[in-house]
Structure formats: C-alpha cells, structure tokens
Amino acid sequence: MKRDLGALTDREHDLLVVGGGIHGAAAAWDAAQRGLRTALVEARDFGCATSWNSLKTIHGGLRYLQGLDLRRMRESIRERRTLLRIAPEIVRPLPFLVPVYGHGVKGREAFSIALRLNDLLSRDRNEGLDPGRQVAESRVLSPAEVLGRVPGIPKAGLSGGALWCDAQVVAGERLVMGFVRAAADAGAVVANDADVVGFLRDGARVTGARVKDGASGGLLDVRARLVLNAAGPATGAVLRLADVASPAVPLLRAWNLVLRRPVVAGQAIGGSDAGRYFFLVPWREAAMLGTAYAPAETIAGPTDVESLLGVAARAFAWAGLAREDVSLVHRGLVPGDHDASGLWTRQLLRDHQRDGAAGLLTVLGVKFTTARAVAQQAIDVAVKRLGRPAAACRTAETPLLHARPLEGSLAERTRTAVREEMARRLSDVMLRRLDLGTAGPPPAADVETAADVLATELGWDASRQAQETRALLDTYRP
C-alpha cells in the first residue's frame, strides 16, 4: 500500500470517500470490493480521531432492549458475529458482569428477563464462528458468585449479578488499518495527509474534490462521479465546503481513561452513577474506564480525568482508583442526541441532491461495532446513484488479512509501517501501526529506535526527529 497522489488524479473515480476513520475505511473497502473505482482520502492519519477513542468493546446491543429497539439490537448482534469471524486475531469474546442490587424493575428479576431475551434474540450469534470465538450464553449469578469474581464490592443489598458475553477488539487501530489495506488490495487508491479543502463542480453537481497534500502543501483535483462524506466529527465542516447545511446532530466530547494496572481480569465490570452505566474493561495488561460525555463546546483538559475518577469513586469504590493510575486519556467527538444530553443511537445517511449538491452523499455513524454494516448501506445507495452494475457486498464474509499485529523486530515493524502502511509520523507508528503507545508512554528506548528508523526512511534531520518525539509525548499530557 503506497501513498501515490498521482493515482488520485490520473483517472475519474466512481467514488471518492472523504474520511479515513472506521466508517470511511469500511466504505472504501466495500466499494472497491464491489468493483467500483474507489479513492479514499484522510486529512491526517487513518483512524486517528474518534476511531482511536474507543473502549475496545464490540457489543451486541443489550442496552437497546430498554427501548425495545430490536432492529438495532439484531444489527449489533450480527456485526459482533461478523467481526469475530473476519478479524479473529484481534477480536475475541469478553464477558461482562453487572452486580445487581435489590429486586423488581431495576433488580435481579428485571435483569433475568433481559438476559433471557438477549439469548433468544441472539440465538444465531455463533453461526460460522470457530469454537474459540463463540459467544457464551447469559446467566444470572448468585451474590456469592459475584463476590467471588469481584472481591470487595459492597455486599449490602446485593441480589446477584447479570453476566453476558460480548466481544473486545484488542487493537482497534489494527482493525481500521485492516479495512484500509483491504480497500487498497481491492484496487482503491488511498492516501493520508490529504485534506479536502473544496469541491469540484459542474453546475449544481459535485464532480470531485480539491485536496491539499499535507507534505508539500500542493493542491490536487480528484475527480469522481460520487463523493461520500464519511468525515465523522468533521462532517459539518466538509458539508460547508459544498454550501450544504450540516445535519442537526450536536457533537459530544467523549473520553475514556487508560489505567496503568489491571484492575479487572477476564471480564468487564459495570457500575452505575446517577442512572448511567460505566465500565471497567480489562485490556491487555492494563484496564480502561469509560465512557464519559460532555458538550463539544466545553473545554477538554485535566478536569476530564478528575470528573471520570469521581464517577469511578462512586460506581467502583472497591477498585480504589486514583490519579496516579491514569496513564492516558482517549478523547474523541461523537454525535449526541438533539439536546446533547446523551449519545445519538442512529446512523445518518443522506443524499444531498435536494440540497443543491447532486453527487454528494453523507454518512454519519455512531458505533464502532456496526461500522461495516453502515458502510454497506452507504455503498448500496452509491451503487444505485451510479446506475452501473456492481457485485454484491461481500465484506461480511471476507477475512481482513491485515487486521493483525505486524511481525518482526521493532525496527522491522517500523519499516513495514512506513513502506506498506503510510506511516508518516512517529505518532502514526507508536499509536496506530505498532500499538506500542496506546496504553501509556512507551519505553524511551522503543521511541528512539522507531524514530531512528523513521528518520532514515523519511529523510528527517535531528531537529525533525526531536520535534516528532515531543509531539508523541504530548499525547500523554492530561
């Protein structure tokens, strides 16, 4: 996979996808696999924004039972199964446990009914999965079983625990890269550091985009019969370039805390505060806590850490979490509901022909879990608008060959990241190719080794190398 800007401009593409997060990457893969001439451009680096801010969970939509949204629940169950099948090296089953207090509509009995419905609605959850990737049945635990699994939780009023199985992606960055590389393998032209700064038009019709090369500052005209805006939190900014009003979907700041120690093992633990559930999730040799939300207009900073630790002190008092446990804050912008009081739950797919921008589509998704399915819906619309024969979607059955860690020594993996995966910065390598810095600051020796390889591969001088190292370390500031 090479960054070839000439290939962006030397032909008219059937589809230009703007945005290289999980939704844009999945859309580019689907389109290319169906035989469409496809291009994908990303302003910074693949998966570097909201897709990086993930609690690493792939969930089957149990929460949708509360609103009886069975359609979305079934979609989540199918996509959890799909990811377990097409990316088995990095997606694995993970039990979830919520201690239950009391009885009645919010107690043991209500959870028992919910878990039975969950198993009934997910009866096909393991079709086509290898035994080691199958999702176990749900069950209600006794108080003694809960205390055995989570020593130290409050005993007063404990009536049992709700235990169900979802999944976890141990390296979300590699899943995004798996989609991107699969798109390139299928014939898509992909490029990072390629920022859309305007649109090409033929009258009222959008015929492509003007792209700024982040390396040279030069402008390129990328022609396409259709443009799909999959820019996530930058969706509105991209639409303004086309003089199209942004969707009436406010943005929320979302953040998770990466913890230095393995607070929980073998299972995620849920706890509630003020009616909202939070989770402690085991992740490699550490843990993650999340997710918290605030209006996008509020200022991000150290108070994010303190506020979420305050939640943890109430929801997980037994864990004894403190400021020194925090090694990294994951932040991103996600769609909120109309009063910005909670997370938006439905994807948006819009054709802007009525907005005076024929040839421009927008897709805005919410869940990492269902990104592949949302991309399929978007490409279904694109195929209809193009009015040309195309193969059926096959992304639900096709293994993601590159959704796995790179192999070799650190120097060899760094060279692979540069030569085959378009890594252009030290942070690209440490955070999104080799996954060495996603749980906290990597060892100084590893940073130096990777920086030396990048300097050789990309022609950096000592000043640039020092600048890249400082930029990486800034990631770990509160």
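In which hand of crossing, left-handed or right-handed, does α2 pass α9? The crossing of α2 with α9 is right-handed; a crossing is right-handed if the near helix is turned clockwise from the far one by less than a right angle, and left-handed if anticlockwise. This is a predicted model, in which local features need pLDDT of at least 70, side-chain atom pairs count only at pLDDT 80 or more, and totals for chains, interfaces and linings use all residues. Residues are numbered from 1 along each chain as its sequence is written, and side-chain values use heavy atoms, with hydrogens and water left out.

**Helix α2 against α9**

- Helices (H or I, at least four residues) are DSSP runs numbered from the N terminus, and helix α9 covers residues 371-386.
- The axes of α2 and α9 are 8 Å apart and the packing angle is about 55 degrees; axes are lines fitted to C-alpha atoms, for helices over the stretch in contact, and angles run from 0 to 180 degrees between N-to-C directions.
- α2 is therefore oblique to α9, where under 35 degrees counts as roughly parallel, over 145 as roughly antiparallel, 65 to 115 as roughly perpendicular and the rest as oblique.
- On the α2 side, I22, H23, A26, A27, D30 and A31 meet A371, R372, V374, A375, Q376 and I379 of α9, contact meaning heavy atoms within 4.5 Å.
- The residues of this contact divide into eight nonpolar, two polar and two charged (Ala, Val, Leu, Ile, Met, Phe, Trp, Tyr, Cys and Pro count as nonpolar, Asp, Glu, Lys and Arg as charged, and the others, Gly among them, as polar).

**Helix α2 against α6**

- Helix α2 (residues 22-33) and helix α6 (residues 172-185) have axes that come within 8 Å and cross at roughly 30 degrees, so the two are roughly parallel to each other.
- The crossing of α2 and α6 is left-handed.
- From α2, I22, A25, A26, A28, W29 and A32 meet V176, F179, V180, A182 and A183 in α6.
- That contact is made by eleven nonpolar residues, with no polar and no charged ones.

**Residue A31**

- A31 lies in helix α2 and is buried, at 0% relative accessible area (buried means under 20%, exposed over 50%, partly exposed in between, with a 1.4 Å probe and protein chains only).
- Apart from neighbours within four places in sequence, A31 contacts L15, L36, T38 and I379.
- From A31 to A110 is 79 residues in sequence and 43 Å in space, C-alpha to C-alpha.

**Cysteines**

- Zero disulfides are found in the whole structure, a disulfide being a pair of cysteine sulfur atoms within 2.5 Å.
- C48 counts as buried at 11% relative accessibility, and C165 counts as buried at 8%.
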